[in-house]
Amino acid sequence: MRSRYSAFVVGQADYLLATWHSSTRPGELSLEQSPEWVSLTILDSSEVGDAGQVHFRAVHRVAEGWGYLEERSEFVREQGRWLYVTGDTSEGQLKPGRNDRCPCGSGRKYKACCL
């Protein structure tokens, strides 16, 4: 999952397609309208045999502040490689408190960083 997030950040559509299971892989993928991703948090993960799930939250910048994409992703392992199959997503606006850690990933409080 982390490598796929990194591919979204740097715009490597070829890598994303190569790590997508053939049963659900799109014919092409454009990342031109992709937001500016700033952080990834793995909330939960599990593995049973060759099936795996990852629950994550990815934060991105929006004009008014911060947005997030949260997904429960399904993966399968084929020939030793994990491949993305599908995911159940939700999106929203992130509203950090002044004393929360900044969503940009700096480790600083929001009020002393990007507020």
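1. How far is the sulfur of Cys102 from the closest cysteine sulfur, and in which residue does that closest sulfur lie? In this predicted model, the partner is Cys104, whose sulfur lies 3.6 Å from that of Cys102, which is too far for a bond, given that a disulfide requires the two sulfur atoms to be within 2.5 Å. Cys102 itself counts as buried, at 5% relative accessibility.

2. Cys113 also has Cys104 as the residue with the closest cysteine sulfur, and because the separation is 3.6 Å, this pair too is too far apart for a bond. Cys113 is partly exposed, with a relative accessible area of 27%. A search of the whole structure finds 0 disulfides.

3. Turning to the aromatic residues, the count comes to 2 aromatic pairs. The rings of Trp20 and Tyr84 have centres 5.3 Å apart and planes at 85 degrees, so this pair is edge-to-face. The pair links distant parts of the chain, since Trp20 belongs to the loop between helix H2 (13-18) and strand S1 (36-48), whereas Tyr84 belongs to strand S4 (residues 81-94), 64 residues apart. Both residues are buried, Trp20 at 14% relative accessibility and Tyr84 with a relative accessible area of 11%.

4. Phe75 and Tyr84 form an edge-to-face pair as well, at 5.7 Å centre to centre and with 70 degrees between the planes. Phe75 is buried, its relative accessible area being 7%, and ring pairs link Trp20, Phe75 and Tyr84 into a cluster.

5. Charged groups also deserve a remark: the charged end of Arg4 sits over the ring of Trp20, 5.2 Å from its centre, while that of Arg57 sits over the ring of Tyr68, 4.2 Å from its centre.

How values were computed. Residues numbered from 1 in each chain as written. Predicted model: local features only at pLDDT ≥ 70, side-chain atom pairs only at ≥ 80, totals over all residues. Heavy atoms only, no water. Buried < 20%, exposed > 50% of the residue type's maximum accessible area, 1.4 Å probe, protein only. Phe/Tyr/Trp six-rings, centres within 6.5 Å; stacked < 30°, edge-to-face > 60°. Helix = DSSP H or I, 4+ residues; strand = E, 2+ residues; numbered from the N terminus. Lys NZ or Arg CZ within 6 Å of the ring centre and 35° of its normal.
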